[in-house]
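Please read them with the sequence and the structure open beside you.

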Amino acid sequence: MEGHDSEDPKQSTADMTAFVQHLLQQMQSRFQTMSDSIVSKIDEMGNRIDDLEKSIDELREEMGVEGSPSPLAPSKVKTGEGSA
């Protein structure tokens, strides 16, 4: 029986080691999943920012083409009238 008792702590230690290793693997898997999710969301945000910048540039170009003649003409007229 003494031999059996000495194996019990060894088995208990082996079980505890396996349990802890399993928990660590689960934690690593969960952290990896969260990390992948965060990186994916950051990439998506970057793409959205790029799209937003393109839209803003397009709006600026449209405003420059459509808006420039109108504001410039009255300001020249006002400047000319103010000087004279």
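1. The structure holds one salt bridge, and because this is a predicted model, I would ask that the contact be read as a computed one.

2. As for how the two partners are placed, Glu44 and Arg48 are four residues apart in helix α1, so about one helical turn separates them. Glu44 counts as partly exposed, with a relative accessibility of 41%, whereas Arg48 counts as exposed, at 53%; the cut-off for exposed is over 50%.

3. Turning to the chain as a whole, the protein chain has two helices and zero strands. Of its 84 residues, 0% count as buried, a term that here means under 20% relative accessible area. The protein chain exposes about 7,900 Å², and carbon and sulfur atoms supply 59% of that area.

4. A nonpolar surface patch of about 1,000 Å² deserves a look, being made by Met16, Phe19, Val20, Leu23, Leu24, Met27, Phe31, Met34, Ile38 and Ile42. One of these residues, Leu23, has its place in helix α1. Leu23 is partly exposed, with a relative accessible area of 34%, and therefore passes the requirement of over 30% for patch residues.

5. There is also a negative surface patch, which is formed by Asp50, Asp51, Glu53, Asp57, Glu58, Glu61 and Glu62. Within this group, Asp51 is placed in helix α1, which comprises residues 2–67. Asp51 is partly exposed at a relative accessible area of 46%, so this residue likewise clears the cut-off of over 30% that patch membership requires.

Technical notes. Residues are numbered from 1 along each chain as its sequence is written. This is a predicted model: local features need pLDDT of at least 70, side-chain atom pairs count only at pLDDT 80 or more; totals for chains, interfaces and linings use all residues. Side-chain values use heavy atoms; hydrogens and water are left out. Patches are made of residues with over 30% relative accessible area and no salt bridge: like charges are joined within 9 Å, nonpolar side chains (Val, Leu, Ile, Met, Phe, Trp, Tyr) within 5 Å. Accessible areas come from the Shrake-Rupley method with a 1.4 Å probe; for residues, only the protein chains shown count as cover. A salt bridge is a side-chain nitrogen of Lys or Arg within 4 Å of a carboxyl oxygen of Asp or Glu. Lys and Arg count as positive and Asp and Glu as negative; His and the chain ends are not counted. The place of a charge is taken as NZ of Lys, CZ of Arg, CG of Asp or CD of Glu. Buried means under 20% relative accessible area, exposed over 50%, partly exposed in between (1.4 Å probe, protein chains only).
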